[in-house]
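I opened my notebook today to look around one chain, a few residues at a time. Come along and check each entry on your own screen.

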Amino acid sequence: MPKSLLALFVLALLPLGGCMQTTLSPSTDASMTVRDRQLLAHTPYAQANVPEQYLRHIVDYPRKEQPGTILVDTDARYLYYVLPDGKAIRYGVAVGEEAMAFSGVARVGRLAEWPDWVPTPEIQARLGPYPARVAGGPANPLGARGIYLYVGNKDTLYRIHGTNQPEYIGQAISSGCIRMRNEDVIDLFDRVKLNATVVVLPPGQNARVEAGPSWRG
């Protein structure tokens, strides 16, 4: 190969090589426990075909939140876990309809694996009678993990949690909580710390994180 052509070939590969070195894919299932694998191997729901943009990616993150912060962009249906060096892990989520959604700044007040679900009186009135407590498991609406949002010492009753309805990822649905694919909430749960800041943007306030270079996880 002539030297001039070889040089052009090497230059053409440089942008790709740089991208590969500066972006890392979070492991798809390394955070799963033996129990997780057992329960998720026999889910009572069909695995949904979630659109590509709502799968887990590492993206450029130009905002000023500190690493370890969670930010939820309710309009775009994305949750960001802020990393160092201007990066974030972006997950697709389902959010609550505007009249029922939480917005504001909270903290992670509790973390739970395969949490039980205790329907509130409002949920009972809206959805019909449920048992007073639904045991944790793949049929439970809270899914594999629960991240409980507190303001001060008060439980807001809003959660970031898994779901047994992954087909709703990317939509606004009647429940006010923030739903993630079980695989994604397990990944997030393994990263987030107790008392971490959670910022939930209200409808109409976009995070303005442009869709730039990313790496799917």
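Which side chain of opposite charge is nearest to aspartate 73, and how many Å away is it? I looked this up in what is a predicted model. The nearest one belongs to arginine 77, at 7.1 Å. Aspartate 73 is buried and has no salt bridge. I noted the reason: a salt bridge needs the nitrogen and the carboxyl oxygen within 4 Å.

**Entry: what aspartate 73 does reach**

I found aspartate 73 in strand β2, which covers residues 70–73. Its side chain reaches the backbone nitrogen of alanine 207 at 2.9 Å. The side chain of aspartate 73 also reaches the backbone nitrogen of aspartate 75, at 3.2 Å. Leaving aside residues up to four places away in sequence, I listed what aspartate 73 touches, including Tyr78, Tyr80, Leu201 and Ala207.

**Entry: the tyrosines**

In one, the rings of tyrosine 54 and tyrosine 78 have centres 5.5 Å apart and planes at 50°, so I wrote the pair down as tilted. This pair links distant parts of the chain: tyrosine 54 lies in the loop between α2 and β1, tyrosine 78 in strand β3, and they are 24 residues apart. Tyrosine 54 has a relative accessible area of 13%, so it counts as buried. Tyrosine 78 is buried too, at 13% relative accessibility.

Next I checked tyrosine 61 and tyrosine 80, whose ring centres are 5.5 Å apart with planes at 50°, so this pair is tilted. Tyrosine 61 sits in the loop between β1 and β2, and tyrosine 80 in strand β3, 19 residues apart. Both tyrosine 61 and tyrosine 80 are buried.

**Entry: arginine 191**

Is arginine 191 buried or partly exposed? I wrote down partly exposed, because its relative accessible area is 25%. Arginine 191 is in helix α4, residues 182–191. Its side chain joins that of aspartate 187 in a polar contact of 2.9 Å. I also compared arginine 191 with serine 31: they are 160 residues apart in sequence, yet 9.4 Å apart in space, C-alpha to C-alpha.

**Entry: the whole chain**

Last, I zoomed out. I counted four helices and 12 strands. The chain has 217 residues, and 44% of them count as buried.

How values were computed. Residues numbered from 1 in each chain as written. Predicted model: local features only at pLDDT ≥ 70, side-chain atom pairs only at ≥ 80, totals over all residues. Heavy atoms only, no water. Helix = DSSP H or I, 4+ residues; strand = E, 2+ residues; numbered from the N terminus. Buried < 20%, exposed > 50% of the residue type's maximum accessible area, 1.4 Å probe, protein only. Polar contact = N/O pair within 3.5 Å; in protein donor to acceptor, adjacent residues only side chain to side chain. Lys, Arg positive; Asp, Glu negative; His and termini not counted. Contact = heavy atoms within 4.5 Å. Phe/Tyr/Trp six-rings, centres within 6.5 Å; stacked < 30°, edge-to-face > 60°.
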